[in-house]
Amino acid sequence: MNINKNYQNISDSYLFSTIAKKVNEFASNNPDKKIIRLGIGDVTLPLCKVVVEALKKASEEMGIKETFHGYGPEQGYDFLKTKIQSYYKMHNVDLKLDEIFISDGAKSDLGNILDLFDVDNTVLVPDPVYPVYVDTNTMAGRKIIYIDANASNNFLPLPDKSVKADIIYLCSPNNPTGAVYNKEQLKLWVDYANENKSIILFDSAYECFITDENLPRSIYEIEGAKTCAIEFCSLSKMAGFTGTRCGYTVVPEDIVFDGVILNKMWLRRQTTKFNGVPYIVQKGAEAVFTPEGQKEIQENLNYYKENAKIISDTLTKHNIWHIGGKHSPYIWLKCPNNMTSWEFFDYLLNNMQIVGTPGSGFGKNGEGYFRLTSFGSRENTIEAMKRFDSFLK
Ligand code: PLP
């Protein structure tokens, strides 16, 4: 038996364990000091009421013979897919029901989709990046090339025609930088992919944070995307489903490579390797897309957005260069005085007892940058910014 040796090429993620170690050490040496965590990527507000009611009702149904549900369709129930179809319609995107696949979250599908592609494909990944794209391809033994996202392109790299890539990852609004592509920029990627016969894997896990109607929430708002892009979405940040687990992936029927329809291939893959998201969870997800659900999740999203504004305003006041925060829960800042990411981490922890995430943990271009998130409580966010104010005075 030979193991998959590609796993030996995955770099160990020391980022969050190193953060935890440093924070624990500081806490035990300074028990009287309150540490505020603005590094978290998880939501903190609970599920909204209509979702909880729907989950309860569906659980009751599961205990009654007549309304009990066993195996469901692997690609998700129509009651949820119809709601998602209407959600897209609100942004002028027409999807067929068969193009929507319900999943247990974007992360699984971002990894699973790779079953459809040959290992010989070259993968293009922006740097800095959500580490899952790199690790899943490394596990499969695919060659990865990087495209620089940096201050000179506002962390929004555009295609370079001299670079040949088969699989392209785009994430907008971006984790970690919070940068968002506009329609013209995405059109360049779509044209590049169609010309080169490449596929774009578009991660729109944070689309719900976009407030500017002119910014695309889906890549299918761009003409030509339906022949070259698969979109990954998530209810995690949109509706607090990080622990409940539900997302969806859109595979348009018009994507055809080597005479094969990718939608059919994905259906085959899912029906073979996946048995669907629990009925109860899909009922909870359905409630998210009702008018009451949309209203309630919007209140939570507004709460996070206000936190982001509080952080962004404070950074602006102190002339700290930053992007994100507007259409994203992430604020990406340049460490002051040319500090490295880890130097700034230590500086914040030791002087202000604020914890964030060093940008260097997301790739080489993240060095010298730092990620703060708006997922903390209002009280903690305000307190953290007060500390910024008084310390930086
Ligand atoms: N994509 C991005 C860019 C993320 O930041 C995350 C989670 O943090 C995910 C996908 C995973 O989402 P899910 O919880 O739906 O698996």
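Author: Start with pairing: two strands pair if DSSP finds at least two bridges between them. The model is predicted. In this model, an open sheet of seven strands has the order β2-β8-β7-β6-β5-β3-β4, and its pairing is mixed.

Reader: What makes β2 and β4 the edges of that sheet?

Author: β2 (100-103) and β4 each have a single partner strand, so one side of each has no neighbour in the sheet. From one strand to the next, the twist averages 20°.

Reader: How do you know that β5 and β6 are paired?

Author: Pairing asks for at least two bridges. Five bridges join β5 to β6 (residues 199-203), and the two strands run parallel. One example is leucine 170, whose bridge partner in β6 is phenylalanine 202. The count of five meets the cut-off of two, so β5 and β6 are a pair.

Reader: Which helix packs on this sheet, touching β2, β7 and β8?

Author: Helix α3 (residues 78-89) touches β2, β7 (229-234) and β8 (247-250). The direction of α3 makes about 120° with that of β2.

Reader: What is the strand order in the open sheet of four strands?

Author: The order is β11-β12-β15-β14, with antiparallel pairing. The edges are β11 (322-324) and β14 (357-358); each has a single partner strand, so one side of each is left without a neighbour in the sheet.

Reader: How do you know that β11 and β12 are a pair?

Author: Three bridges join β11 to β12 (residues 330-334), and the strands run antiparallel. At least two bridges are needed, so the three found here are enough. Across this pair, glycine 324 stands opposite isoleucine 331 in β12.

Reader: Which helix lies across β12, β14 and β15?

Author: That is α11 (residues 341-352), which runs at about 45° to β15 (369-373).

Reader: Why is the contact between lysine 22 and aspartate 346 called a salt bridge?

Author: The rule wants a side-chain nitrogen of Lys or Arg within 4 Å of a carboxyl oxygen of Asp or Glu. For lysine 22 and aspartate 346 the N to O distance is 3.0 Å. That value falls within 4 Å, therefore the pair qualifies. Lysine 22 is in helix α1 (residues 15-29) and aspartate 346 is in helix α11, so the pair links distant parts of the chain, 324 residues apart.

Reader: How many salt bridges does this rule count?

Author: The count comes to 17.

Reader: Which residues belong to domain 1 and which to domain 2?

Author: According to the domain assignment, domain 1 is 8-47 + 292-392 and domain 2 is 49-291. Their centres, taken over C-alpha atoms, are 26 Å apart. The contact takes 32 residues from domain 1 and 46 residues from domain 2.

Reader: How much area do domain 1 and domain 2 bury between them?

Author: They bury about 3,300 Å², with 61% of it on carbon and sulfur atoms. The rule also finds one salt bridge across this interface, and 18 residue pairs in polar contact. On the side of domain 1 that touches domain 2, the elements giving two or more residues are α10 (291-317), β11, β12 and β15. The largest share of that side, nine residues, comes from α10.

Reader: What makes aspartate 148 and lysine 364 a salt bridge?

Author: The closest N and O atoms of aspartate 148 and lysine 364 are 3.0 Å apart. The cut-off is 4 Å, so this pair passes as well.

Reader: What is the phi of asparagine 154?

Author: Asparagine 154 has a positive phi of about 55°, although it is not a glycine. Asparagine 154 lies in the loop between β4 (143-148) and β5.

Methods:
Residues are numbered from 1 along each chain as its sequence is written. This is a predicted model: local features need pLDDT of at least 70, side-chain atom pairs count only at pLDDT 80 or more; totals for chains, interfaces and linings use all residues. Side-chain values use heavy atoms; hydrogens and water are left out. Contact means heavy atoms within 4.5 Å. Axes are lines fitted to C-alpha atoms, for helices over the stretch in contact, and angles run from 0 to 180 degrees between N-to-C directions. Domain bounds come from an automatic or database domain assignment. Buried area is the accessible area (1.4 Å probe) that two parts lose on being put together, summed over both. A polar contact is a pair of N or O atoms within 3.5 Å; within protein, one must be able to donate a hydrogen and the other to accept it, and residues adjacent in sequence count only if both atoms are side-chain atoms.
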